[in-house]
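Below is a short report on one protein model. It begins with a local pairing and then turns to the chain and to model confidence.

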Amino acid sequence: MSGSSPFQMRLVHLDLKGAPPKVSYLSEIFPLFRDLGANGLLIEYEDMFPYDGPLRLLRARHAYSPSEIKEILHLATLNELEVIPLVQTFGHMEFVLKHKALAHLREVALFPNTLNPHEAESLALVGAMIDQVMDLHPKARWLHVGCDEVYYLGEGEASRRWLQQEQNTKAKLCLSHVKAVASHVLARHPATMPLLWDDMLRGVPEDQLTASGVPQLAQPVLWDYGADLDVHGKALLMEKYQKCGFSRLWAASAFKGATGASQALTPTEHHLRNHVQWLQVAASGPADVLQGIVLTGWQRYDHFSVLCELLPVGIPSLAVCLQSLLHGGFAEDVKARVENFLGISSLNITGFTRSASTCTAPWTSYCRGTVSWPGGAPSRGSWRPPCSASSTPTPWTSGWRRTCIPACGGCDSCCRTSGKRLALRPHRPAPAQTPVRNPDGASPRQRPAASSLRQRPQCRRSSPGRGAGNVEGRARVP
């Protein structure tokens with residue numbers, strides 16, 4: 001089924017740190033993933049994993065149970081989708097370090113996103129997280145250990161003292177932690193190869209990266225989600241990693257969640273261009289260098305960020321991107337195949353319009369949890385997706401929404417926490433003079449008086465930032 005694709009593995013990324021789907025929804029969507037050309041899943045559990053024992057505080061109150069994890073893996077096996085779990089072990093540790101009991105392991109006390117690499121307890125913590133995840137994924141050939149966007153690395157007091165010593169650098173500090181984590185994985189799970197995002201490795205000098213020993217212990221995933229990807233630059237970066245000793249490389253694109261932290265609708269044309277350029281990158285190097293590609297689909301930019309496009313909204317984009325990778329481009333015959341898969345008569349990827357008929361049920365009803373923004377009203381269009389005008393059940397809409405006439409009635413079947421539609425009630429208004437995005441995505445304007453605000457449904461979820469104090473969210477750079 002690989003067609004003309006240069007990517008042996010084509011993984012769909014499930015980002016469960018925002019609006020995680022019900023298992024019943026996954027049972028409907030996995031067959032479509034397979035039919036579209038995917039043969040694997042990268043599952044980023046974050047607080048949705050059923051951590052136990054001393055790590056139990058990490059799990060969300062609506063986390064999957066161990067039996068549900070096994071059911072997800074069984075469904076993946078039935079649909080010939082190989083599962084690679086992802087455990088953050090350095091950056092993006094907000095869901096761990098927000099807890100008071102673990103706050104002393106922050107690199108910088110004010111910010112819970114980066115783990116302090118100098119503390120022995122830090123490695124013990126991530127080692128315990130890895131072991132619990134691997135206990136439920138005993139057959140995993142790869143384990144993704146994250147390590148991207150390690151903000152504030154080197155800015156903690158212990159790091160500052162360490163960096164004052166001769167020949168110590170931030171790159172060396174980063175590599176030492178990555179090596180320790182990868183060594184733990186291989187020591188405890190020798191049949192599992194660690195993967196890691198490559199952004200923290202890009203600026204490391206070639207000789208330093210070679211001498212670190214990391215290339216023998218892990219495989220980097222080169223990520224770039226832009227529509228104007230630097231093909232030549234990526235080819236040079238691949239060449240550098242090969243010279244450093246990495247045995248295999250991976251690529252990472254995006255089918256959604258990479259064009260704005262509060263993006264409501266997926267710009268398919270942007271993501272198609274991104275994948276076409278990744279095909280050019282693959283063609284510019286040796287055929288056996290790239291092990292595969294991860295089609296990322298971010299639900300949030302980080303643990304404290306608002307939701308961007310939900311998984312159902314991004315399915316048409318995923319279909320376009322997977323079929324383009326499978327067939328080496330997006331010709332008319334590929335477009336026709338996508339339309340057939342999705343059960344639609346015409347697919348327009350050059351833009352999107354906001355439907356005049358919008359779903360009266362909050363978008364959060366498709367998932368396991370619900371979310372609220374105590375700090376103010378989100379932009380219009382970001383709190384609910386426009387409904388499909390079609391009443392014909394198709395694989396990617398069944399269980400989420402089927403019709404807008406008279407109102408959307410299918411959302412409840414995917415909700416993780418409740419089958420009841422939330423009643424309409426006033427949304428808590430943002431403070432006066434708070435800039436909010438216009439409905440059409442134009443530049444911010446001043447919030448109108450509270451009396452003029454439209455009444456909207458307020459959805460509730462246990463806030464991921466509860467007890468975290470004053471934190472600074474960082475957006476993933478497209």
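Val108 stands opposite Phe111 in strand 5. Strand 4 covers residues 106-108 and runs antiparallel to strand 5, with 2 bridges joining them; strands count as paired if DSSP finds at least two bridges between them. The two form a hairpin, with 2 residues between strand 4 and strand 5.

Strand 5 (residues 111-115) is mostly covered, as 5 of its 5 residues are buried. Buried means under 20% relative accessible area, with a 1.4 Å probe and protein chains only.

## The chain as a whole

The protein chain has 11 helices and 12 strands. Both are DSSP runs numbered from the N terminus: helices are H or I with at least four residues, strands E with at least two. Of the 478 residues in the protein chain, 58% are buried.

Contacts are heavy atoms within 4.5 Å. Among contacts in the protein chain with a separation of 6 or more, 78% are between residues 24 or more positions apart. The accessible surface of the protein chain is about 19200 Å², 53% of it belonging to carbon and sulfur atoms; the areas come from the Shrake-Rupley method with a 1.4 Å probe.

## Confidence and conventions

This is a predicted model, in which local features need pLDDT of at least 70, side-chain atom pairs count only at pLDDT 80 or more, and totals for chains, interfaces and linings use all residues. Residues are numbered from 1 along each chain as its sequence is written, and side-chain values use heavy atoms, leaving out hydrogens and water.

pLDDT is the predictor's confidence in each residue, from 0 to 100. The protein chain averages 80, and 73% of the residues score at least 70. Over residues 353-365 the pLDDT is below 50, and this stretch has 45 contacts in the model beyond near neighbours in sequence. Residues 369-478 also stay under 50, with 247 contacts in the model beyond four places in sequence.

Terms used
Buried means under 20% relative accessible area, exposed over 50%, partly exposed in between (1.4 Å probe, protein chains only).
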